[in-house]
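Work through the exercises below with the sequence and the model side by side. Each task is followed by a solution in steps.

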Amino acid sequence: MADASRSPGPIAERAFESGFKAAIIGGFVGIGTLYWTDVLSTANGLHTTLTVVLFPVYLIFAATALGVWLGFATDGSDLHRVTREVDGESEGSG
């Protein structure tokens, strides 16, 4: 298990970016292959709609898997309240 006190460094960030780009390219190649082999067709609107809707979901799963693998995973203890200062006062007081 990774040490929680250490955060991933610049090499992990570059690996994440490279892995995410590879996931995007791999996804497009996979979709293209499915269309080329006539498993999917542009004539069927359902196929095209599912491809457009599910591709971002695939990218979210890929980013999550890369983040966990490279040590970017966080838990509930890493969360903190975000407030915005408005004219020197916090937004919640008023």
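**Exercise 1. Threonine 51**

In which element is the place of threonine 51? Find its burial class and its contacts as well.

Solution. The coordinates are a predicted model, in which local features need pLDDT of at least 70, side-chain atom pairs count only at pLDDT 80 or more, and totals for chains, interfaces and linings use all residues. Residues are numbered from 1 along each chain as its sequence is written, and side-chain values use heavy atoms, with hydrogens and water left out.

Step 1. Threonine 51 is in helix H2. Helices (H or I, at least four residues) and strands (E, at least two) are DSSP runs, numbered from the N terminus.

Step 2. The relative accessibility of threonine 51 is 17%, so this residue counts as buried. The classes are buried under 20% relative accessible area, exposed over 50% and partly exposed in between, with a 1.4 Å probe and protein chains only.

Step 3. Not counting residues up to four places away in sequence, threonine 51 touches Ile31, Tyr35 and Leu40. Contact means heavy atoms within 4.5 Å.

**Exercise 2. The chain as a whole**

State the order of the elements from the N terminus on, then the share of buried residues.

Solution. 

Step 1. The protein chain has two helices and two strands, in the order α-α-β-β.

Step 2. Of its 94 residues, 12% are buried.

Step 3. Take the contacts between residues at least 6 apart in sequence: 60% of them join residues at least 24 apart.

Step 4. The accessible surface is about 7700 Å², and 64% of it belongs to carbon and sulfur atoms. Accessible areas come from the Shrake-Rupley method with a 1.4 Å probe; for residues, only the protein chains shown count as cover.

**Exercise 3. Helix H1**

Check the span of helix H1 against its number of residues, and say what its buried residues pack against.

Solution. 

Step 1. The expected span is 1.5 Å times one less than the number of residues. For the 27 residues of H1 (residues 10-36) this gives 39 Å, and the end C-alpha atoms are 39 Å apart, so the two agree.

Step 2. Ala12, Ala23, Gly27 and Ile31 are buried in H1. The buried residues of H1 pack against helix H2 (45-69).

**Exercise 4. The loop between H1 and H2**

Describe aspartate 38 and leucine 40, which are both placed in this loop.

Solution. 

Step 1. Aspartate 38 follows H1. Its phi is near 65°, a positive value in a residue other than glycine. Aspartate 38 counts as exposed, at 65% relative accessibility.

Step 2. Leucine 40 is buried, with a relative accessible area of 14%. Leaving aside neighbours within four places in sequence, leucine 40 is in contact with Leu34, Tyr35, His47 and Thr51. The C-alpha atoms of leucine 40 and threonine 51 are separated by 9.1 Å, with the two residues eleven apart along the chain.

Step 3. Histidine 47 belongs to helix H2 and counts as partly exposed at 22% relative accessibility. Between histidine 47 and tyrosine 35, twelve residues apart along the chain, the C-alpha separation is 9.7 Å.

**Exercise 5. Aromatic pairs**

How many aromatic pairs does a search of the whole structure find?

Solution. 

Step 1. The search finds four aromatic pairs. Rings of Phe, Tyr and Trp (its six-membered ring) pair if their centres lie within 6.5 Å; planes under 30 degrees apart count as stacked, over 60 as edge-to-face and the rest as tilted.

Step 2. Phenylalanine 16 is partly exposed at 24% relative accessible area.

Step 3. Phenylalanine 55 is buried, at 14% relative accessible area.

Step 4. One aromatic cluster is formed by Phe16, Phe20 and Phe72.
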